[in-house]
Amino acid sequence: MKGKILGLGAISGDDGKRYYYEEGELKNLKEGQNIEGLEVDFDIVGEKAVQVFVIHKAGFSSNFGALNTSNLPSIDSQFVFLNLNEAKSFLFAPNIHSMKIFALLTLVCYFLFSVFSSDYSENVAKNTSNAPFYIFGILTCLLGLWVNFSLFKLSNDKAPLKYFILSAIIAVIFNILFDSMIKSAALMLFGGQPPYFKMILIFMLLIASLLIIFLWYRKVSQITNEKFFMWSLYAEILSQICFIIFIVALFNNELDPSTWHDFYTWINVLSIVLFALAWLKFREIRIKN
């Protein structure tokens, strides 16, 4: 029978069942190797796994000999829990530390995505390329998908992955509608009518997005037992409220759109900082039974 180690003494078999083993039954384990997520081959006696052999595969990092043999820093403090040696050894075999690295890369891409979004409306109105905005948006989605898949593999909980996919779909539809609405807003200068229907659809998508974001943050906070995820959520909700006011300001001469977009941008940065702290700080993952 083959399967994957969930944690010390527990294996998830390919047959969907969970098996338990004594520590002395684990064979072929490298010194200092993190056992979470390792593929194993084992026999079953009664309801227990015996003769549990780790299956070693050539990982991505094995192609880089110098990096593989180097000793990278390990940080264990009040706000940072990160072992770079564990991360590099299992870069594409999910564990807590490799997942943290990909989460931070996702945040970098999301930050750049937010930076380029500041010129988005103006570029659409001028029919100028928004290529950097879309490139970093796609990278954010792909990296975020891997992080949520890793979280699912480690926690056995599909909820964050499902919420992330739903939010990504909503984001795509939202951007298509927002493009169209900005162009309609430009036509208002020549006597066109405000795109009320599109505005209503965008507001509905924002509400749906906020609900899904709330569910995702709450679930990840529960899985990791880390409250900073919720603080990041509160900042994210506040930034989305500023974004809604920004959209209203585009069609209301009494409000300054640039001011509200600046509020949205800076509060969004605060949310990203709190989010990064949450990923760096958490120490555990609760496994769903």
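Tutor: Helices here are DSSP runs of H or I with at least four residues, numbered from the N terminus. Asn 268, for instance, lies in helix H9. Keep in mind that this is a predicted model.

Student: Okay, how many helices and strands are there in the chain?

Tutor: The chain has nine helices and eight strands. Of its 289 residues, 44% count as buried. Among contacts with a separation of 6 or more, 63% are between residues 24 or more positions apart.

Student: Back to Asn 268, is it buried or exposed?

Tutor: Buried: its relative accessible area is 2%, and the cut-off for buried is under 20%.

Student: What is Asn 268 in contact with, leaving aside its neighbours within four places in sequence?

Tutor: Tyr 110, Ser 114, Glu 236 and Ser 239. Tyr 110 and Ser 114 belong to the H3 side of the contact between H3 and H9, and Asn 268 is on the H9 side.

Student: How do H3 and H9 run relative to each other, parallel or antiparallel?

Tutor: Their axes cross at roughly 175° and come within 10 Å. Angles over 145 degrees count as roughly antiparallel, so that is what H3 and H9 are. Residues making the contact include Met 99, Leu 107 and Phe 111 of H3, along with Tyr 264, Ile 272 and Trp 279 of H9.

Student: What does H3 look like by itself?

Tutor: H3 has 22 residues and spans 31 Å from first C-alpha to last, close to the 32 Å expected at 1.5 Å a residue. Its N-terminal end is capped by Asn 95, with a side-chain oxygen 3.1 Å from the backbone nitrogen of His 97.

Student: Switching to the core, which residues touch the most other members of the largest one?

Tutor: Met 99, Phe 243, Trp 279 and Ile 285, in a nonpolar core of 46 residues. The elements giving two or more residues to this core are helices H3, H5, H6, H7, H8 and H9. There's also a second, separate core of 12 residues, which includes Ile 11, Tyr 21, Leu 38 and Val 54.

Student: And what does Ile 285 touch, beyond its neighbours within four places in sequence?

Tutor: Ile 285 is in contact with Ile 96, Met 99, Leu 151, Leu 154, Ser 155 and Ile 223.

Student: I also clicked on Leu 206. Where is that one found?

Tutor: Leu 206 is in helix H7, and at 5% relative accessibility it counts as buried. Setting aside neighbours within four places in sequence, Leu 206 contacts Phe 174, Gln 240, Phe 243, Ile 244 and Ile 247. Phe 174 is 32 residues away in sequence, with 8.1 Å between the two C-alpha atoms.

Student: Then Ala 168, buried or exposed?

Tutor: Ala 168 is found in helix H6 and counts as buried at 19% relative accessibility. Its C-alpha is separated by 9.8 Å from that of Thr 140, 28 residues apart along the chain.

Methods. Residues are numbered from 1 along each chain as its sequence is written. This is a predicted model: local features need pLDDT of at least 70, side-chain atom pairs count only at pLDDT 80 or more; totals for chains, interfaces and linings use all residues. Side-chain values use heavy atoms; hydrogens and water are left out. A nonpolar core is a set of buried Ala, Val, Leu, Ile, Met, Phe, Trp, Tyr and Cys residues joined through side-chain atoms within 4.5 Å. Buried means under 20% relative accessible area, exposed over 50%, partly exposed in between (1.4 Å probe, protein chains only). Contact means heavy atoms within 4.5 Å. The expected span of a helix is 1.5 Å times one less than its number of residues. A polar contact is a pair of N or O atoms within 3.5 Å; within protein, one must be able to donate a hydrogen and the other to accept it, and residues adjacent in sequence count only if both atoms are side-chain atoms. Axes are lines fitted to C-alpha atoms, for helices over the stretch in contact, and angles run from 0 to 180 degrees between N-to-C directions. Angles under 35 degrees count as roughly parallel, over 145 as roughly antiparallel, 65 to 115 as roughly perpendicular and the rest as oblique.
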